[in-house]
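Here's a quick tour for anyone meeting this model for the first time. Take a look at the structure, then read on.

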Amino acid sequence: MSGEGKLVCVTGGSGYIASWLIKYLLQNSYTVNTTVRDLNDPKKTAHLLALDGANERLRLFKADLLEEGSFDAAVYGCEGVFHTASPVSFSVTEPQTELIDPAVKGTLNVLRSCAKVQSIKKVIITSSFASVPFNGKPLGPDVIVDETWFSDPDLCREQKLWYYLAKTLAEQAAWRLAKENRIELVTIHPVFVTGPLLQPTLNASVEMILNLINGGQEYPNAYYASVDVRDVAYAHIQALEISSAAGRYCLIESNVQYSEVLKIIHQLYPTLQLPQKCDAGLGSLTVCNVSKDKAKTLGIDFIPLEVSLKDTIESLKEKGFLSI
């Protein structure tokens with residue numbers, strides 16, 4: 001993996017996945033343009049500017065998902081663009097303005113900027129597994145979900161799965177615009193992402209783990225599908241570097257009951273006070289198998305859940321979110 005002499009752009013650089021992506025790109029000699037909403041906010045920029053290679057090969061640009069043309073400068077001259085900027089929240093009061101508009105309009109704005117730049121060979125979008133399985137097909141332990149599955153927006157609306165709806169609509173819009181403009185597009189679909197934080201703020205998927213171990217009284221009667229943030233970042237770069245990489249990629253390392261997650265954490269940290277009671281009312285995810293076949297073509301050797309959980313908890317301690 002060598003990006004020497006190559007310029008790429010990462011949108012939403014202050015985010016959880018984007019920060020690791022930038023770290024790996026810089027490690028591999030890429031020059032990186034990245035966008036943030038506020039260049040004067042150290043919570044958005046300080047951890048990026050501290051990365052090895054940042055002084056020489058990282059440039060920060062101000063951009064807003066809802067402002068057409070605001071990504072023009074950041075993608076100019078690039079040969080690859082990683083669009084990671086999109087809000088992640090599972091609890092919203094105004095889904096249209098908080099989630100759907102930034103996801104859909106933001107994706108279209110980035111792709112329209114990319115369509116103006118002839119040097120761009122490929123665009124990789126950080127989508128979500130949320131845009132894959134919610135289509136009314138029955139799920140169960142004998143069902144294998146793969147990249148040919150697409151979530152149904154009407155079903156997402158009906159069940160008020162607003163995050164899933166936002167990611168589904170954004171992906172649909174991306175494929176349409178990419179086809180119209182002959183943009184080579186790859187979409188990455190991770191399940192819940194775990195692993196250490198580079199950014200100083202808490203993100204939604206890691207907060208789920210923190211809430212589970214930091215005084216939680218009950219755990220959900222559900223399955224926890226997870227993948228490590230470092231594998232997700234690596235998959236993005238592989239999707240750019242492997243010329244044959246195309247289409248959609250589901251990323252998952254394991255899918256186990258929350259009780260199994262707690263068992264692993266108890267083995268790692270026996271003094272932690274973990275929830276003992278299962279809340280049957282919180283069950284929302286049905287177990288299914290997710291194919292790893294296509295993901296393996298990117299050369300990913302998935303980090304085991306045990307390692308990911310330990311590194312997540314150590315990171316939460318280091319960042320001051322957890323005192324044990």
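## The cavity

The largest cavity has a volume of about 100 Å³. A cavity here is a set of points, on a 1 Å grid over the protein atoms alone, where a 1.4 Å probe fits but cannot get out; points are joined across faces, edges and corners, and the volume is the space filled by probe spheres set on them. By this rule, the count is 1 cavity of 30 Å³ or more. Bear in mind that this is a predicted model, where local features need pLDDT of at least 70 and side-chain atom pairs count only at pLDDT 80 or more, while totals for chains, interfaces and linings use all residues. Residues are numbered from 1 along each chain as its sequence is written, and side-chain values use heavy atoms, leaving out hydrogens and water.

What lines the largest cavity? There are 14 lining residues (those with an atom within 4 Å of a point), and Thr107, Ile125, Thr126, Lys167 and Ala170 lie nearest the centre. Helix H5 (95-115), strand S5 (122-126) and H7 each give two or more residues to that lining, with the largest share, 4 residues, coming from H7. Helices (H or I, at least four residues) and strands (E, at least two) are DSSP runs, numbered from the N terminus. The lining splits into 5 nonpolar, 7 polar and 2 charged residues.

## Leucine 165, on H7

Leucine 165 sits in helix H7 (residues 162-180). Is leucine 165 buried or exposed? Leucine 165 is buried, with a relative accessible area of 1% (buried means under 20%, using a 1.4 Å probe and protein chains only). Skipping residues up to four places away in sequence, leucine 165 touches Ile100, Pro153, Cys156 and Arg157; contact means heavy atoms within 4.5 Å.

## Serine 151, in a loop

Serine 151 belongs to the loop between strand S6 (144-145) and helix H6 (153-158). Serine 151 is buried too, at a relative accessible area of 3%. A polar atom of the serine 151 side chain lies 2.8 Å from the backbone oxygen of alanine 130. Beyond four places in sequence, the contacts of serine 151 include Pro133, Phe134, Cys156 and Thr168.

## The nonpolar cores

A nonpolar core is a set of buried Ala, Val, Leu, Ile, Met, Phe, Trp, Tyr and Cys residues joined through side-chain atoms within 4.5 Å. The largest one has 71 residues, among which Leu25, Val32, Ile213 and Ile265 touch the most other members. Helix H1 (residues 16-27) supplies its largest share, 9 residues. A second, separate core of 40 residues includes Ile120, Leu161, Ala166 and Leu185.

How values were computed: Buried means under 20% relative accessible area, exposed over 50%, partly exposed in between (1.4 Å probe, protein chains only). On a 1 Å grid over the protein atoms alone, a cavity is a set of points where a 1.4 Å probe fits but cannot get out, and a pocket is an open set with protein on both sides within 12 Å along at least five of seven lines; lining residues have an atom within 4 Å of a point. Ala, Val, Leu, Ile, Met, Phe, Trp, Tyr, Cys and Pro count as nonpolar, Asp, Glu, Lys and Arg as charged, and the others, Gly among them, as polar. A polar contact is a pair of N or O atoms within 3.5 Å; within protein, one must be able to donate a hydrogen and the other to accept it, and residues adjacent in sequence count only if both atoms are side-chain atoms.
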